[in-house]
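Here is a short briefing on a structure. Please keep the sequence and the 3D view open as you read.

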Amino acid sequence: MSFAAPSWFPATESVEDELARRGVSRREFMEYCSSLCIVLGVGKSEAPRMAAAILADRRPSVIWIQLQECTGCVESVIRTSEPSIGTLVLDQISLDFSHTLMAAAGHAAESAAAAAMAAEKGKYLLVVTGSIPLADDGIYLTIGGRTAKVILEEAAEGAAAIIALGACAHWGSVQAARPNPTGAVGVSEVIKNRPVVNIAGCPPIADVVTATVAHFLTFGRLPAVDGDGRPLFAYGARIHDQCPKRANFDAGQFVEKFDDEGARKGWCLYEVGCKGPATFSPCPIFQWNSHTDWPIGAGHPCIGCTERGFWDTMTPFYGRLPDVGGFGIESKVDILGAALAIGATAGVVAHAAATSVHQMRERKRSLPVVDPTSGGPGTPKA
Amino acid sequence: MAATKVVVDPITRIEGHLRIEAQAENGRISNAWASSTQFRGIEIIMQGRDPRDAWAFVQRICGVCTVVHAVASCRAVEDALGITIPPNANLIRNLVHGMQFIQDHVIHFYHLHALDWVDVVSALKADPAGTSRLARSISPWPNNSETYFKAVQDRLKKFVSGGQLGIFTNGYWGHPAYKLPPEANLMAVAHYLEALDWQRDVIRLHTIFGGKNPHPNFLVGGMACAINLEDTGTINAERLVDVQAMIRRARDFVEQVYYPDLMAIAGFYKDWAAIGGGTKNFLCVGEFPEAGVNDFGKLYFPRGVILNGDLSTVHEYDHKLVKEYITSSWYEYPGGDDVGLHPYEGETKAKYTGPPAPWEYLQGLDKYTWMKAPRYDGKPMQVGPLGRMLVAYASGHDDAQGIVNEALGRLGVGPAALFSTLGRTAARGLETVLIARRMETWFNSLIERVKSGDTKTFAGEKWEPSTWPASCEGYGYLDAPRGALGHWVQIKDGKISRYQCVVPSTWNCSPRDKQGQMGPYEAALVDNHPLVNPEQPIEILRTIHSFDPCMACGVHVLDAQGNVVTEVKVQ
């Protein structure tokens, strides 16, 4: 997968132009390069080469903040198969802040984040994992003495777009399950003036995350989404309609009890609680961990973790649909699926329109000097 | 000279949100406070739920140790309902948990801890031929040529030459505390990158048995992955061969990369074998049942308690001696804040008394954390790999004695060196070697059982709630990568009435108790501990990271009105 930076990313405006616009002279820039060489221990004589490298090729800035969460989404992303996380972080993006991976701590880490947000204002991609506890003035999560809400708002201010990664950032997930003691909410409950895409799942599949980043960097916009802000390329299909066990369902071949004869023939898990008929997810197509397998493939029913509210609407997990919390007893599998599909499609149009408006505003705000006749938005980078 | 106030928040390269405050004088740390600044409140959510669903909820306590809470929960519910899981299911859980340990410890070493000891920038100056000689001298690992290390170095040069340092921005490069020669730094950077690819491969064992990672699926009563050698959609020979190959690759990497790197790096930092020891009481609840889950004599890692660093006696563990204190925590007890309560009597009422955010300092305040202070017979306890290795070593465990003595011999230090920051980091590597070797035993046992015709993975006799007693309770123990864990569940009329956890990072990150005894993080930071430059607190990171903090915890339960109903403190 290619990660050529989009034309409207920093490379569109040459770094020299950008420096000039920011009031930095060539001489000051060279001094900066010299000092950087000294810091890096490569000697001042390398300064011209470093300057050339900086001017030639900038990796898009990504800032990743982690709020009220379990770090499972980070663990998922570092299992991404293509590109590998090493390739992504070293060669394709500039991961300018990451709680889990960055070398510096405390003030040094926070100042690195602040510097990146200032330098890349309006251009960086913000990734958020974790929910935001709003109850009791936000005291249930502080970092550096500041609340999660304040940290998110500050980081979102200069972001070109936001990826709400995982169920917690999407809608609050497990800590937002009834009765949601800390008042946990997702990113889009707090941030209303920036485009937000929800990568659903607890956690999401790594390859969906990297594909979304790739989409943003390659095409200069977030992918089209459904009514819940989830990218259609991953969440546009219901598990039940993509499931390799669908033939068993249609033939009435069900696992009645775990490890029974049906289980040992790999039959359909609907009777032991599978939520595939009510879940839009890339699991059957993308599969997990370098396409090794997926939950239903390994004999466990789907728990519906890509759907908002699943801890309440999909439980008990071993209860057969529709006899679970979120669905009326009159629902039948296909009616259920059809209703969800219609809802999703209708939502796409509305959300896509809103996102486009956000993006147009963003481009105007953040890139006033781009000349559309000489490589504006949409022009591929050489 | 007056003490300098030091704050490190966020502590990066850990799971979750941890704040360390300290005071430094003349290059030494004179006082320290550990504060957990996140509270999630998962537990009230457990109330009224189907106990068979519990594993999935509590699994989300932590996505790093993504196996441990799920398995502890299954064990607790199975204990309550009187379910004995089939031997195949126990072996599969051991394989899944074992791979969790191996993968988690390797990631901790290279990606969370290494940058405390390895100067990435120095690697730019290395002679790749020298790195190649070094690598060949310590390991048969095939990626050891000059060409290979040159390619890694070129990649790193290209990375930094763009001026965008990404995750390495503002690192403490060039700090005098870094002691490795450039060639060793380059070797470590190469293995940092290799480990990223390796972990992605070997963790697929979870995907085969549990469908995905993170957060693989489990099942009360056994495992959901049916075994049938004659089917395409079950655990069959193709899957088992893949598992066997992963176990082999995991062991190769641990024996040929992690362990040699650990020993090589430790050799340059032997002074850290006299720094950061702190609490000398250790607790291990035991792990990897090789017979019944309650056959405590047949746990691969034995359970026990060591007091005052005395390896001549291993005390029997009795959970009734566990009490929790809130003298320094944002809670209140009806009987007063200095009372200690056993978890079965746990009273938790949140009472936040910290300053309104944003704030500058917590030091000097009586209460400064969401973490309670568990104590064993009134004493703070260290839990984790070092405790596990010490209990095994002192119990006469052949494998543990063998590897510990070998490592001490290679480094030329005595057993006293174990009680230190370096000791904690080394013990994690040593137990990884033991587990990586033991995986083959569990795998072979599984194969032998299947060969003999036993493919059972699930005990379904007590699956239906109609078979359950009106009320019951159960305890699930588990020694997790970060230490001793316990889940307690009470079930009434088919629903969870109470759910409680006591978790490794609560033991280690506990604050001061009523007697003023510090928790293990705090005690370690004031034990012969340097801090050369408070602006670059690399020494603090070394010691805190040596515990491998996992902070998505401290989660005591509130209801909507702010009254705590039950509690969980989570790893």
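A residue counts as buried if 20 or more other C-beta atoms lie within 10 Å of its own. This is a predicted model. By that cut-off, strand β1 (residues 61-66) of chain A is mostly covered, with six of its six residues buried.

**Strand β1 of chain A**

- Both faces of β1(A) are covered.
- A:S61, A:I63 and A:I65 are buried on one side.
- A:V62, A:W64 and A:Q66 are buried on the other.
- β1(A) pairs with strand β2 (residues 94-98) of chain A in the parallel sense, over four bridges.
- A:I63 has A:F97 as its bridge partner in β2(A).
- β1(A) also pairs with strand β3 (residues 124-129) of chain A, again in the parallel sense, over five bridges.
- In β3(A), A:V127 stands opposite A:W64.

**Contact between chains A and B**

- Chain A puts 85 residues into the contact, and chain B puts in 91 residues.
- On the chain A side, helix α6 (residues 106-119) of chain A gives the most, with five residues.
- By class, the side of chain A that touches chain B has 41 nonpolar, 29 polar and 15 charged residues.

**Helices α9 and α11 of chain B**

- Helix α9 (residues 385-394) of chain B packs on helix α11 (residues 421-451) of chain B at an angle of about 70°. Their axes are 8 Å apart.
- Because of that angle, α9(B) is roughly perpendicular to α11(B).
- The crossing of α9(B) past α11(B) is left-handed.
- From α9(B), the residues in contact are B:P385, B:L386, B:R388 and B:M389. In α11(B) they meet B:G423, B:R424, B:A427, B:R428, B:L430 and B:E431.
- By class, this contact of α9(B) with α11(B) has five nonpolar, one polar and four charged residues.

**Loop residue B:A416**

- B:A416 lies in the loop between α10 (398-411) and α11 of chain B.
- Is B:A416 buried, exposed or partly exposed? B:A416 counts as partly exposed because it has 14 C-beta neighbours inside 10 Å.
- B:A416 and B:L541 are 125 residues apart along the chain. Their C-alpha atoms are separated by 22 Å.

Technical notes. Residues numbered from 1 in each chain as written. Chains lettered and ligands numbered in written order. Predicted model: local features only at pLDDT ≥ 70, side-chain atom pairs only at ≥ 80, totals over all residues. Axes fitted to C-alpha atoms, helices over the stretch in contact; angles between N-to-C directions. Helix = DSSP H or I, 4+ residues; strand = E, 2+ residues; numbered from the N terminus. Parallel < 35°, antiparallel > 145°, perpendicular 65-115°, else oblique. Left-handed = near helix turned anticlockwise from the far one by under 90°. Contact = placed C-beta atoms within 7 Å. Nonpolar A, V, L, I, M, F, W, Y, C, P; charged D, E, K, R; others polar. Buried ≥ 20, exposed ≤ 12 C-beta atoms within 10 Å, placed from the backbone. Pairing = 2+ DSSP bridges.
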